[in-house]
Each structure stands twice: as C-alpha cells, then as structure tokens.
Amino acid sequence: MASSPRHLFLLLPLRLLLLIPLLAAAKPVLEDGYTVTTFANFNPLPASGPHPYAILPRPRAGDLLLLDSAGSALYTLSLSSSPGEPRRLAGGKRRSGFDDGDAAFDRPRSVAVDAADNVYVADQRHGAVRKVAPSGYTTTVAGGLSSGPGHRDGLAQNATFSADFELVYVPKICALLVADRGNRMVRQINLKPEDCAHEKQSGLGTTSVSVIAILCALLGLIIGFLVRHFYPVNAGSLHQPLFHQDTEAIPEDTEEGNSDQLLRHKKRSC
C-alpha cells in the first residue's frame with residue numbers, strides 16, 4: 001500500500017531528528033595559530049606555463065620540484081621569499097609521449113626525489129619508472145620493456161606494474177617503494193648507493209665531528225696538565241736553566257791535593 005502525502009509529512013520531522021547527530025559530528029574542531037598565504041602565483045604566466053599538480057623539496061639544491069601533470073613537465077622553483085618564475089627541468093617541450101634523454105612524459109601523477117636530487121617519475125601509462133638527473137637527462141630504471149600492465153618482479157627493466165601506482169623515496173633503506181594499487185601490493189626498487197649517499201654522509205659527518213671535538217678537548221686538558229706539572233708558571237725566564245745546581249754544592253774530589261784545596265779557598269776569600 002502506497003504512503004499517502006499525509007503520512008510522508010508526518011515522517012518528515014522524524015527524518016530531521018535522525019540527521020541532527022550527523023550534522024553535529026561534522027562540525028570542525030578549529031585550531032588557532034595558522035595562516036595561509038600565496039607562495040607562488042603562475043596566473044600572470046602564459047597558459048602554457050606550469051599547472052602545479054604536486055610539489056616536493058629537493059634536499060641538495062634546496063629548492064622545490066614542481067610536477068605539471070597536464071603539461072607533462074617537471075619544473076624547479078626557488079624557496080626564497082620571491083621565488084620568481086619556475087625553471088623547466090624535463091618534459092613539456094613537445095607533445096606528450098615516451099622518450100628518454102631530452103624527455104617526454106605522458107601526464108604523470110606521481111614523483112619522488114632522492115638524496116642526490118634525482119627525480120623518479122611514475123609513468124603509469126607506459127608501466128615504467130623514469131629517472132631524471134639534476135641536469136634534466138632522463139632514463140628508464142624499471143619497466144618499459146613489456147606492453148600493458150602486469151605484476152612481474154626481478155630485473156628492474158623487465159618488471160611490470162599495474163596502471164595505477166605511486167612512488168615514495170625511503171632513504172633509510174635506500175629504495176623506492178611503489179604503492180601498486182592495481183595489484184594491491186607494495187613493491188620495492190633498490191637504488192644505487194650514490195643515490196642515497198647524501199643522508200649517510202651527513203649523518204656520519206655529524207657524529208665524526210662530535211667525537212673529534214670531544215677527543216681534542218680531552219687531549220688539550222691532558223697536555224695542559226702535563227705542561228703545568230713539569231714546567232711551573234713561575235719557573236722564570238725561558239733562558240734560565242731548568243735544573244740549576246750550585247757550584248758550591250758540588251762535592252769535592254777527595255783525591256784532590258791539599259794545594260788545590262788551599263788555592264780554591266783563597267779564591268773564595270777574595
């Protein structure tokens with residue numbers, strides 16, 4: 001039996017009562033002390049300029065990497081108070097595609113940056129992971145040889161991924177981790193030691209400097225103690241002999257003749 005309009009009207013207040021807890025739960029908890037400003041505005045630039053999709057810091061260069069997915073390009077941007085115009089790093093010169101060297105990309109949506117400022121691009125459309133050196137020169141480090149998505153481990157160039165994956169750089173294990181959404185897996189691409197050397201050297205360098213400073217301080221204290229012990233401050237002139245011995249205190253030779261002793265006595269009396 002269909003509900004009459006009168007019954008629907010009577011049920012309306014009940015439905016509103018059920019919505020009240022949901023509306024109360026959606027109220028945000030605001031925290032004070034934060035502000036929002038515009039760091040870089042690309043609207044004055046031509047329409048072919050960057051359309052930021054993702055940003056990441058580059059640790060060695062001390063600037064920002066900007067991914068323009070729509071333009072299939074990578075840019076770098078200064079971190080200064082006046083960042084200025086972005087500088088093109090790779091891609092974006094011509095139509096999208098799959099080319100290494102002076103690279104071409106096809107609307108990538110995920111990037112990662114290692115300690116040496118190499119940029120890794122998740123090229124989902126071609127099932128490949130591309131590497132862009134700080135100079136902009138691009139190579140392929142994983143996938144790219146097999147057409148179509150898949151799941152194959154082993155030699156990186158022979159690997160296959162799903163059509164939906166994302167990259168993240170993990171310096172602790174010197175590797176890229178791949179969130180392979182299509183295969184419901186987390187994959188790992190081991191990097192070369194030089195790609196991760198920056199963090200290791202900086203960490204060891206800090207420890208070494210601290211240890212050397214402590215050892216130098218201890219050595220200085222020991223040397224200072226020894227110098228004060230064997231060379232007192234009030235020792236006098238540097239030209240003064242350290243061990244002064246009175247000539248009069250030198251024992252006389254018992255075998256000396258009486259004449260010699262008499263002569264020495266006269267000299268002392270003068």
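Strands are taken here as DSSP runs of E, at least two residues in length, and are numbered from the N terminus. In this predicted model, strand β2 spans residues 63-68 and includes D63. With a relative accessible area of 12%, D63 is buried, because burial is assigned under 20%. The side chain of D63 is joined to that of R58 by a polar contact of 2.8 Å. When neighbours within four places in sequence are left aside, the contacts of D63 comprise L56, P57 and R58, together with T76, L77, S78 and L79.

In soluble globular proteins, nonpolar side chains tend to be buried together. The largest nonpolar core of the model has 17 residues, and those with the most contacts inside this core are V129, F161, L167 and L176. Two or more residues of the core are given by each of the strands β7 (119-123), β10 (165-170) and β11 (175-180), with β10 providing the largest share, 3 residues. L167 touches S110, V111 and A112, as well as Y120, V121, A122, V129, L177 and V178, residues up to four places away in sequence not being counted. Another core, of 12 residues, lies apart from the largest one and includes L67, L74, A90 and V121.

Methods
Residues numbered from 1 in each chain as written. Predicted model: local features only at pLDDT ≥ 70, side-chain atom pairs only at ≥ 80, totals over all residues. Heavy atoms only, no water. Core = buried A, V, L, I, M, F, W, Y, C linked by side-chain atoms within 4.5 Å. Buried < 20%, exposed > 50% of the residue type's maximum accessible area, 1.4 Å probe, protein only. Helix = DSSP H or I, 4+ residues; strand = E, 2+ residues; numbered from the N terminus. Contact = heavy atoms within 4.5 Å. Polar contact = N/O pair within 3.5 Å; in protein donor to acceptor, adjacent residues only side chain to side chain.
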